[in-house]
Amino acid sequence: MTDMASLMEDRAAANADASDQRKPVDWDSADMSRSIKKRYAAERRFKTYGLTAIMLALAALVLLGYSIISKGYSAFVQTYVQIELTFDPAVIDPDGTRDPAVLGRANYDGLIKDALRARFPDVTSRSEKRKLYGIISSGASYDLREQVLDKPSLIGQTRKLWLISGDDFDMLNKGYISADTQEASRRLDDDEIGWFQTLQSANAIEKRFHTRFFTNGDSREPELAGIWGAAVGSFYTLIVTLLLSFPIGVAAAIYLEEFAPKNRLTQIIEVNINNLAAVPSIVFGLLGLELYLNVMHLPRSAPVVGGLTLALMTLPTIIIASRAAIKAVPPSIRQAALGLGASPVQTVSHHVLPLAMPGILTGTIIGMAQALGETAPLLMIGMVAFIVDIPGSAMDAATVLPVQIYLWADSPERAFVEKTSAAIMVLLAFLILMNGLAVFLRKKFERKW
Amino acid sequence: MGIYMKKTLAIAALASVALTGAAHARDQIRIVGSSTVFPFATAVAEEFGKTTSFKTPVIESTGSGGGLKLFCAGVGEQNPDITNASRRIKKSEVETCAKNGVEAITEVKIGYDGIVLANSKDAPLFELTKEQIFLALAKTVPSKDGKELIDNPYKNWKEIDPTLPDEKIEVLGPPPTSGTRDAFTELVLEEACNEFPAIAALKDSDKAMHKAACAGVREDGAYIEAGENDNLIVQKLEANPIALGIFGFSFLDQNGDKLHGSKIGGVAPTFEAISDGSYPVSRSLYFYVKNAHVGTIPGMEEYVAQFTADKAWGEEGYLADRGLIPMDTAEREQVREAAKNLTPLSM
């Protein structure tokens with residue numbers, strides 16, 4: 001205190017000296033007003049830089065959003081074609097047994113082809129017929145099968161049915177294929193466009209909400225490909241990541257903050273955790289390949305391996321965020337708990353940890369969001385794969401959302417362009433949801449001291 | 001701390017589940033390999049899963065080389081059963097396979113794929129020869145008097161041949177890791193280079209130099225490595241009419257309203273021309289089956305049968321719709337027979 005007091009005295013004396021020697025500032029002088037103008041100009045410039053930066057970032061975001069949404073919104077609807085179809089008993093159930101096994105095996109594809117030929121009876125040549133069959137997707141026969149299995153009374157009836165169309169027809173209906181271009185350079189020739197116009201004028205073409213996109217696994221037929229398989233894969237992967245990285249990360253953070261002795265060794269550990277957070281994710285993929293596949297012989301392409309690998313990647317993020325949150329709990333809380341007789345373990349688990357939880361959860365969710373968007377390490381462990389079946393557990397082969405986007409972006413069929421953008425929208429929706437949850441948790445549990 | 005004990009136990013339980021899971025037998029075919037064969041193999045796999053009682057095979061796109069490496073790592077269910085390749089297996093790879101116990105391999109050739117040089121329909125159609133492509137893309141080219149090799153000086157197509165359009169040379173193509181690039185180098189650059197006496201002479205005097213001169217692609221910005229994604233190249237070509245792109249025929253087939261494929265040696269890249277072999281830049285596509293896994297992994301024979309059925313790889317099969325160029329009937333018959341009997345490959 002005495003030091004402080006003497007310092008203040010010295011400064012007051014110095015000020016007095018200065019005011020003796022200098023003239024009072026003339027704020028209205030030409031020099032001064034120029035100088036003030038300059039300072040204001042500098043301030044305005046500085047603000048403009050900041051504003052420009054934000055505007056640029058916003059413009060980039062708007063552009064990104066526009067390009068994705070304008071390309072992708074059409075993937076949420078799908079073209080359906082109405083045709084009159086006879087559930088021919090001779091094809092579906094020749095013996096009239098109504099045995100589900102027989103009904104399930106029937107040639108529904110043939111029924112659709114018959115119906116199309118009946119609709120356009122002029123088509124006779126083989127190659128023309130092949131084009132004609134392209135109007136209806138190959139997936140429509142599975143719909144028919146389910147309808148019949150569901151309601152065997154349909155057999156023998158003739159119904160007007162809405163069936164899912166093939167991808168080229170869908171593209172034409174959505175305006176991605178123009179009828180004005182030369183015939184030779186179009187995916188669809190004049191005959192096919194003629195059929196389309198005939199159907200359209202008979203009100204037999206309709207766009208409907210594309211439920212399959214949200215319920216199906218991957219497919220090579222764009223109109224049958226869906227995001228659900230990848231979403232389930234992402235879910236299992238993230239669950240494994242969370243189960244592993246959250247407890248380990250928080251435990252490591254608590255030990256380092258609360259119990260570890262401050263010595264060279266803990267310093268080295270701290271520096272290395274920070275280093276790990278900056279390691280490119282592909283390196284964790286290589287580690288996962290070596291450790292989980294080659295040493296532990298876990299199955300390739302399984303979400304459990306993906307989860308284990310991504311946990312390695314997420315750990316540093318969680319440890320760093322958790323340590324910051326624990327450090328932010330005021331020491332007075334610990335001292336009070338210890339003073340009232342709590343053991344160090346009780347202090348941490350009853351007081352420090354609950355108060356640090358909002359910060360820890362935010363860090364964890366951000367780490368998870370990072371893991372959700374990751375593809376590079378998964379390439380190494382075989383999760384970049386074509387998988388049709390929806391995974392039933394973390395051990396089944398699966399892929400994840402960003403990988404699905406990558407695979408669709410690489411497919412030649414034109415109709416996958418809109419699927420790619422739609423899948424990006426789904427992934428972004430999940431990310432926004434997770435970040436929103438992080439904000440919500442922080443606001444809800446935040447304590448002020 | 002109680003919570004944490006429980007969590008630790010949960011992790012231990014999870015790990016043990018994971019390990020026991022690995023122990024039970026695999027009932028799903030696993031396929032790796034070429035990204036070029038990927039669209040065809042996945043189409044067959046999907047059909048196979050739908051029409052049989054077997055599970056749909058899992059197919060990874062690892063590239064031809066990467067696929068063969070995984071395939072040759074050994075016998076046993078942790079290794080893939082089939083690998084796709086956009087080139088033939090190399091002798092060295094067969095040896096690696098044999099060293100790791102993968103002795104009997106069945107080779108199944110599935111058809112052809114054309115590599116095209118295409119540009120936007122807004123730009124003039126190119127009619128090129130292999131030599132002209134070489135002069136436009138090689139790192140070193142023979143000088144005007146043909147005596148020595150110099151760094152590629154050509155900036156404009158017109159400088160190579162006055163009949164070519166007056167456009168800057170700008171070609172978008174795959175990076176060296178790609179099978180398409182390998183095939184392009186082999187089928188165009190390495191064939192064209194020997195037409196120039198200055199390079200052909202090197203063949204005897206300096207083999208390494210000869211190889212470098214034939215396979216070296218210029219790095220001064222005229223050839224732009226556009227990544228493995230062919231769709232990306234297609235999009236860039238739409239935006240930039242000056243540029244040409246190198247990619248697989250199926251992408252040209254899907255985007256025929258926006259792009260046209262340059263004639264090479266006077267032949268346009270059409271389905272028919274690639275099929276009868278008159279279009280000069282086409283390669284064979286294959287898949288390789290590990291015979292030791294047939295009988296152990298369910299569905300292997302049926303998958304091969306599905307792939308080699310005319311419904312799939314025939315002239316009117318669903319693979320042709322996706323851009324695979326089929327072999328002729330006699331060759332298909334021969335390959336199908338060999339595949340059915342699992343006749344091992346001998347090199």
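## A tour of chains A and B

Select domain 1 and domain 2 of chain B: 14 residues of domain 1 are in contact with 16 residues of domain 2, where contact means that the C-beta atoms, placed from the backbone, lie within 7 Å. On the side of domain 1 of chain B that touches domain 2 of chain B, four residues are nonpolar, seven polar and three charged. Here Ala, Val, Leu, Ile, Met, Phe, Trp, Tyr, Cys and Pro count as nonpolar, Asp, Glu, Lys and Arg as charged, and the others, Gly among them, as polar. For the selection, domain 1 of chain B is 26-112 + 283-340 and domain 2 is 114-282; such bounds come from an automatic or database domain assignment. The C-alpha centres of these two domains of chain B lie 30 Å apart.

This is a predicted model, in which local features need pLDDT of at least 70, side-chain atom pairs count only at pLDDT 80 or more, and totals for chains, interfaces and linings use all residues. Residues are numbered from 1 along each chain as its sequence is written, while chains are lettered from A and ligands numbered from 1 in the order in which they are written.

Next, show both chains. In chain B, 34 residues are in contact with 34 residues of chain A. The side of chain B that touches chain A draws at least two residues from each of α1 (2-23), α2 (38-51), β2 (58-60) and α12 (249-254) of chain B. Of these, α1(B) gives the most, with nine residues. Helices (H or I, at least four residues) and strands (E, at least two) are DSSP runs, numbered from the N terminus.

Zoom in on β4 (residues 385-386) of chain A, which pairs with β2(B) in the antiparallel sense over two bridges; pairing requires at least two DSSP bridges between the strands. A:Ala385 has B:Glu60 as its bridge partner in β2(B).

Now select α18 (residues 401-409) of chain A. Among the buried residues of α18(A) are A:Leu401, A:Ile405 and A:Trp408. Their cover includes β4 and α19 (416-445) of chain A.

Two backbone stops remain. Most residues other than glycine have a negative phi. A:Ser301, not a glycine, has a positive phi of about 65°. A:Ser301 counts as buried because it has 25 C-beta neighbours inside 10 Å. Phi of B:Leu342 is near 50°, and this residue follows α17 (329-340) of chain B.

Definitions and conventions: Contact = placed C-beta atoms within 7 Å. Buried ≥ 20, exposed ≤ 12 C-beta atoms within 10 Å, placed from the backbone.
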